[in-house]
Amino acid sequence: MSDENIPDRPATARAWLREHSELGVCVLLLVLGVLVLTDALTMSVDITQRGPVGPKTVPVAVGIGLLAVAVLLAVDVLRGGRGEAEAGEDVDLDEPADWRTVALLTGVFLAFAVLIGPLGFPISGALLFWGSAYALGSRHLDRDPLIAAGLSLVTYFVFDNLLGVPLPGGPLMGVL
């Protein structure tokens, strides 16, 4: 028996994982479902509850839904099911990932999380929207910051005034 007939074990495992890559989504959904359920079930409810629907109901339903979808998707993938590519999809799976864009977006989101407290949503949101546009390839340095500032202000007013979800205003609190 020659060495040519023995399959390369890591290559075989890699090929199996590539054929079943949707299992990664299953794991993500499973982890999210467990986190949502854990958070919902350990939530302390001090509000007087009226009726059968309380503050835990929706998170528990979402957590159970995430777990069910994770299991059903895993069963489908292991039975040979595979997602259909869109007709217009032009992604070459053999090309390496664009890690620069991923790193820029990660930095923008982390900066937003750090800056939202001291600067408030209008300023940090504008930086988030402008930084995301830049990371994704837009180079209109005259137009993008203005659009980002407008989008951030509209988002702030919709959430704060129309939906009643208070967002931190930061130094602009007295101005807005």
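Trainee: How many residues of the chain count as buried, in percent?
Mentor: Of the 176 residues, 20% count as buried, where buried means under 20% relative accessible area, exposed over 50% and partly exposed in between, with a 1.4 Å probe and protein chains only. This is a predicted model, in which local features need pLDDT of at least 70 and side-chain atom pairs count only at pLDDT 80 or more, while totals for chains, interfaces and linings use all residues. Residues are numbered from 1 along each chain as its sequence is written, and side-chain values use heavy atoms, with hydrogens and water left out.

Trainee: Which residues make up the largest nonpolar core?
Mentor: Six residues: V108, F112, F121, L128, Y156 and L167. A nonpolar core is a set of buried Ala, Val, Leu, Ile, Met, Phe, Trp, Tyr and Cys residues joined through side-chain atoms within 4.5 Å.

Trainee: And which helix gives the most to this core?
Mentor: Helix α4, residues 99-135, with four residues. Helices (H or I, at least four residues) and strands (E, at least two) are DSSP runs, numbered from the N terminus.

Trainee: What is V108 in contact with, neighbours within four places aside?
Mentor: L127, L128, G131 and S132, contact meaning heavy atoms within 4.5 Å.

Trainee: Changing topic, how many helices and strands are there?
Mentor: The chain has five helices and zero strands, in the pattern α-α-α-α-α along the sequence.

Trainee: Where does F159 lie?
Mentor: F159 lies in helix α5, residues 144-162.

Trainee: Why does F159 count as partly exposed?
Mentor: Because its relative accessibility is 34%.
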